[in-house]
Amino acid sequence: MEPIVLTHPLVKHKLAILRDKNSGTKEFREIAAELATMLCYEATKDAPLYDTEIETPIAKMKAQKLDEDNYAFLPILRAGMSMVEGILNIIPNAKVGHIGLFRNEETLEPTQYYFKVPHGIENRTVIILDPMIATGGSACDAIQSLKNIGVKKIKFLALIAVPEGLERIQKEHPDVQIYCTSIDSHLNEKGYIVPGLGDAGDRIYGTK
Ligand code: PRP
Ligand code: URA
């Protein structure tokens with residue numbers, strides 16, 4: 001599946017502020033959450049609705065609602081946490097699991113240190129959250145961990161991706177639809193996205 005890239009002017013505007021090295025931790029967190037809301041809006045375009053009857057102040061009417069139980073969200077720690085608030089703002093009853101992964105700075109291979117997901121996750125559409133797709137190693141590890149426990153429908157929301165990471169995910173998991181706000185140029189020799197935004201986790205938590 002080809003990645004879906006959001007091109008709305010508001011997305012471009014927010015992304016420019018997010019990337020700027022002079023944007024501080026507070027601004028970074030707020031914008032990551034806002035962009036996550038916009039990605040979630042796009043990723044739930046095909047959400048099933050159920051019919052219901054409501055009463056406006058004027059009259060009764062038939063309406064449609066989204067079954068929030070259809071979804072579970074899975075932020076990849078740490079940086080994916082910055083996107084959760086933006087999701088819960090619009091799907092407040094969503095179930096949230098967590099997967100902890102960090103990249104080895106030399107090999108760039110991910111190591112998993114935490115995995116906890118909501119009960120019955122295999123029957124939900126699981127939307128993985130991580131701002132960065134670099135080599136794609138962390139994304140593939142998270143996707144495989146979900147498939148190993150029986151999850152069948154997976155989507156992935158990222159802020160910035162690069163072609164090499166996207167190609168790896170598409171090759172290993174062609175069934176997973178990726179949504180992002182930019183496809184950048186390439187990875188540098190240290191595995192950072194160029195031009196990217198630096199180390200997302202460090203910028204969110206002020207750890208460097
Ligand atoms: C970052 C990012 C992704 C990963 C992407 O996390 O949030 O999870 O790198 O790189 P990849 O595509 O090459 O796997 P990092 O490992 O730095 O951990 P952190 O969020 O705890 O800082
Ligand atoms: N992880 C990040 O946080 N930033 C990058 O540029 C690559 C991986």
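Buried means under 20% relative accessible area, exposed means over 50%, and partly exposed is anything in between (1.4 Å probe, protein chains only). Keep that handy for the views below.

This is a predicted model, where local features need pLDDT of at least 70, side-chain atom pairs count only at pLDDT 80 or more, and totals for chains, interfaces and linings use all residues. Residues are numbered from 1 along each chain as its sequence is written, chains are lettered from A and ligands numbered from 1 in the order in which they are written, and side-chain values use heavy atoms, with hydrogens and water left out.

**View 1. Tyr71 and Phe73 make a stacked ring pair.** Rings of Phe, Tyr and Trp (its six-membered ring) pair if their centres lie within 6.5 Å; planes under 30 degrees apart are stacked, over 60 edge-to-face, and the rest tilted. That rule gives 2 aromatic pairs here. In this one, the ring centres of Tyr71 and Phe73 sit 6.4 Å apart with their planes at 25°, so the pair counts as stacked. Tyr71 is buried, at 3% relative accessibility, and Phe73 is buried too, at 2%.

**View 2. Phe102 and Tyr113 form a tilted aromatic pair.** Their centres are 5.9 Å apart, with 35° between the planes. Helices (H or I, at least four residues) and strands (E, at least two) are DSSP runs, numbered from the N terminus. Phe102 belongs to strand 6 (residues 98-103) and Tyr113 to strand 7 (residues 110-116), and the two residues are 11 apart. Phe102 is partly exposed at 44%, and so is Tyr113 at 42%.

**View 3. Phe102, Tyr113 and Tyr114 make a nonpolar surface patch.** Patches are made of residues with over 30% relative accessible area and no salt bridge, joining like charges within 9 Å and nonpolar side chains (Val, Leu, Ile, Met, Phe, Trp, Tyr) within 5 Å. This patch covers about 320 Å², with accessible areas coming from the Shrake-Rupley method with a 1.4 Å probe and, for residues, only the protein chains shown counting as cover. Tyr114 sits in strand 7 and is partly exposed, at 38%.

**View 4. Ligand 1 has 16 residues around it.** Arg103, Asp130, Thr135, Gly136 and Ser138 come nearest; a residue counts as near if one of its heavy atoms lies within 4 Å. A polar side-chain atom of Thr135 is 2.6 Å from an oxygen atom of the ligand. For Arg103, a side-chain N or O atom lies 2.8 Å from a ligand oxygen atom, and for Arg78 the distance from a polar side-chain atom to a ligand oxygen atom is 2.9 Å. The protein covers 91% of the 510 Å² of accessible area that ligand 1 has on its own.

**View 5. Asp46 meets both Lys153 and Lys155 in salt bridges.** A salt bridge is a side-chain nitrogen of Lys or Arg within 4 Å of a carboxyl oxygen of Asp or Glu, and the structure holds 11 of them. Lys153 and Asp46 come to 3.7 Å, N to O. Lys153 lies in strand 10 (residues 153-157) and Asp46 in the loop between helix 2 (25-43) and strand 2 (49-55), so this pair ties together parts that are 107 residues apart in sequence. Asp46 and Lys155 come to 3.1 Å, N to O, and Lys155, in strand 10, is 109 residues away from Asp46. Is Lys155 buried or exposed? Lys155 is buried, at 4%, whereas Lys153 is partly exposed, at 41%.

Definitions and conventions. A polar contact is a pair of N or O atoms within 3.5 Å; within protein, one must be able to donate a hydrogen and the other to accept it, and residues adjacent in sequence count only if both atoms are side-chain atoms.
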